[in-house]
Amino acid sequence: MAEIKVHSDVTGTAWKIVVSEGQTVEEGDELIIAEAMKMEIPHVAPESGIVKKICIEEGASISEDDLLFIIET
Amino acid sequence: MKKALIANRGEIACRIIRTCKALGYSTVAVYSEADKSALHVKMADESYLIGPPPVNQSYLNSDIIIEKAILSGASLIHPGYGLLSENALFAQKVEAAGLLWVGPSSATIELMADKGKARSVAIEAGVPVLPGSLPIDPNNTPLLLESATHIGLPLLVKATGGGGGIGMQVAESLEDLPKIAKSVSSLAERTFGNNEIFLERYIANARHIEVQVFGLGNGSVFHLLHRECSIQRRFQKIIEEAPAPNLPKGTERMMVQAACELAKSQHYAGAGTVEFVLDRNTNEFFFLEMNTRIQVEHPVTEMISNQDIVALQLSLSEKQDMNHLIDHDFEYNGHSLECRLYAEKPKRRFLPSPGPLTRFRLPAPTQNIRIDTGFKEGDIITPFYDPMIAKLVVAAANRDEAVKLMRTILDQVEVEGISTNLEFLIEILDNADFLSGNINTRFIDTNIERLTSSQT
């Protein structure tokens with residue numbers, strides 16, 4: 001079992017969190033849609049696993065490289 | 001004294017203020033908390049805070065903007081592009097408040113904002129449109145597949161409420177279609193509050209060409225030629241030219257005429273842009289959409305025509321007699337090119353890159369070099385607004401010379417503190433296909449590896 005950390009690609013807002021803690025996700029599934037500069041920036045699961053922890057709140061400001069999710073594979 | 005309120009920010013607000021001042025208007029800026037020391041606020045004669053940084057609490061708040069217009073004693077509102085510029089309700093409210101609106105009627109704005117209705121208007125005016133469907137329920141997979149088979153692949157899934165390149169996705173196969181339809185629909189719901197979609201044929205080897213029209217509101221229309229806008233990423237233009245190079249004479253004539261006929265049929269009032277795709281294999285052209293506002297890339301038209309489009313807009317709003325322009329023989333000189341400088345990372349899927357502009361040096365303007373920006377060194381590019389930080393525009397005797405001049409001035413641009421597409425623009429200008437005019441709307445996608453190989 002391993003933990004994978006998902007970081008933010010952009011500085012902006014955590015516009016819409018698509019998953020909840022404990023949810024099983026497949027590689028490529030959308031986790032969150034970040035929003036910056038009028039653009040929606042989806043972040044997807046890099047590998048299949050379980051969403052162990054959501055580290056941000058929906059609507060919060062996020063910075064590039066902020067930790068968003070921990071996925072257990 | 002005449003007084004104009006500019007309901008916008010950034011480079012377009014600055015550009016509008018410049019013309020307003022030249023015409024003797026006193027100018028009023030509005031700004032969000034993020035833009036307190038922005039250039040457009042500094043340039044205007046007076047300015048009003050309208051709310052917190054997010055656009056829906058400031059620049060999209062029509063009531064507070066109209067309130068400030070009345071408070072300041074402004075007689076006219078110019079909406080620029082984006083934000084409230086194509087919001088029919090805002091246009092209506094401005095006129096209901098007894099203010100002059102710079103733009104076409106709210107009925108025209110509403111009609112053209114609906115991509116399905118705009119298609120019907122084009123068909124009625126005899127303007128060719130791409131084979132497409134009526135609005136479709138994205139969950140009705142059998143109907144999606146039937147329509148797609150009828151239209152042919154690849155095709156574009158488009159949001160009825162979309163525009164300006166937002167709310168579109170290409171479907172290459174029938175298998176991908178249901179998923180893409182749902183994704184475009186949900187994005188459209190979130191962005192435009194309207195989940196309706198339709199399908200349209202996608203021409204892979206196409207150029208994007210648009211005609212600048214100007215209507216007097218009485219059925220009379222003149223044009224200021226055309227622009228080439230094929231160099232796009234994610235359906236967003238980054239390099240534009242005027243005139244569109246190497247257009248067959250017959251095609252050019254028919255396209256300009258079609259754009260004017262469309263505007264005439266609507267008794268169009270003000271500046272507008274009719275966008276077409278040109279099939280490079282057949283030279284057939286098709287109506288895409290009409291933008292009922294001043295366009296980002298209008299400077300290339302101004303450079304070759306020596307006209308000030310904002311000044312024309314203001315004249316019409318002030319109900320000045322402009323009939324002499326209908327039969328006027330506009331003269332066009334040379335070739336103009338625009339590069340849009342963006343705060344973004346081309347190598348990382350063009351992700352936006354906000355941050356502080358610790359260094360920001362742009363070439364000095366001359367008769368043949370025009371720089372439109374809303375930022376200065378020391379400003380912060382915030383994540384709240386569009387990532388475009390400057391438009392670099394040049395004019396020269398011909399296309400080769402214009403590209404050469406652009407290449408020179410790009411070398412003079414210095415930006416530190418954020419990532420930009422500067423190197424990417426330079427790579428495009430050095431590309432052999434770009435230089436020979438061998439371009440289509442997939443140019444960036446096709447060449448992405450080569451164009452970003454030297455960058456981090």
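Leaving aside its neighbours within four places in sequence, which residues is B:Phe276 in contact with? Keep that question in mind while reading these notes; point 6 comes back to it.

1. **What you are looking at.** Please remember that this is a predicted model. The predictor gives the complex a pTM of 0.92 and an ipTM of 0.76. For chain B, the mean pLDDT is 95, and 100% of the residues reach 70 or more.

2. **Chain A in outline.** Start with chain A, which has eight strands and zero helices. Following the sequence, you will read the pattern β-β-β-β-β-β-β-β. The C-alpha atoms of chain A fill a box of roughly 35 × 15 × 15 Å along the principal axes. A compact globule with 73 residues would have a radius of gyration near 11 Å, and chain A agrees because its own value is 11 Å. Buried residues account for 29% of chain A. Now take the contacts in chain A between residues at least 6 apart in sequence: 57% of them join residues at least 24 apart.

3. **A sheet to trace by eye.** Chain A holds an open sheet of four strands, in the order β1-β8-β6-β3, with antiparallel pairing.

4. Begin at β1(A), which is joined to β8(A) by five bridges, the two strands running antiparallel. Here A:Ile4 has A:Ile71 in β8(A) as its bridge partner. Next, β8 (residues 67-72) and β6 of chain A run antiparallel and are joined by four bridges. You can find this pairing at A:Ile54, whose bridge partner in β8(A) is A:Phe69. Finally, β6 (residues 49-54) and β3 (residues 24-25) of chain A pair in the antiparallel sense over two bridges. One place to look is A:Thr24, with A:Ile50 of β6(A) as its bridge partner.

5. **Where the chains touch.** The contact between the chains takes 10 residues from chain A and eight residues from chain B. On the chain B side, seven of these residues are nonpolar, one is charged and none is polar.

6. **The cores, and our opening question.** The largest nonpolar core has 133 residues, and B:Phe276 is one of those with the most contacts inside it, along with others including B:Leu5 and B:Val394. Strand β21 (residues 388-396) of chain B gives the largest share of this core, eight residues. Apart from it lies another core, of 19 residues, with members from both chains, among them A:Ile32, A:Leu68 and B:Leu351. As for B:Phe276, its contacts beyond four places in sequence are B:Ile209, B:Glu210, B:Met255, B:Phe285, B:Phe286, B:Phe287 and B:Leu288.

7. Is B:Leu278 buried or exposed? B:Leu278 counts as buried because 25 C-beta neighbours lie inside 10 Å. Beyond four places in sequence, B:Leu278 is in contact with B:Ala206, B:Arg207, B:Ile209, B:Asn283 and B:Phe285.

Conventions: Residues are numbered from 1 along each chain as its sequence is written. Chains are lettered from A and ligands numbered from 1 in the order in which they are written. This is a predicted model: local features need pLDDT of at least 70, side-chain atom pairs count only at pLDDT 80 or more; totals for chains, interfaces and linings use all residues. The radius of gyration is taken over C-alpha atoms; the globule rule is 2.2 Å times the number of residues to the power 0.38. A residue is buried if 20 or more other C-beta atoms lie within 10 Å of its own, exposed if 12 or fewer, and partly exposed in between; C-beta atoms are placed from the backbone. Two residues are in contact if their C-beta atoms, placed from the backbone, lie within 7 Å. Ala, Val, Leu, Ile, Met, Phe, Trp, Tyr, Cys and Pro count as nonpolar, Asp, Glu, Lys and Arg as charged, and the others, Gly among them, as polar. pLDDT is the predictor's confidence in each residue, from 0 to 100. Two strands pair if DSSP finds at least two bridges between them. A nonpolar core is a set of buried Ala, Val, Leu, Ile, Met, Phe, Trp, Tyr and Cys residues joined through C-beta atoms within 7 Å.
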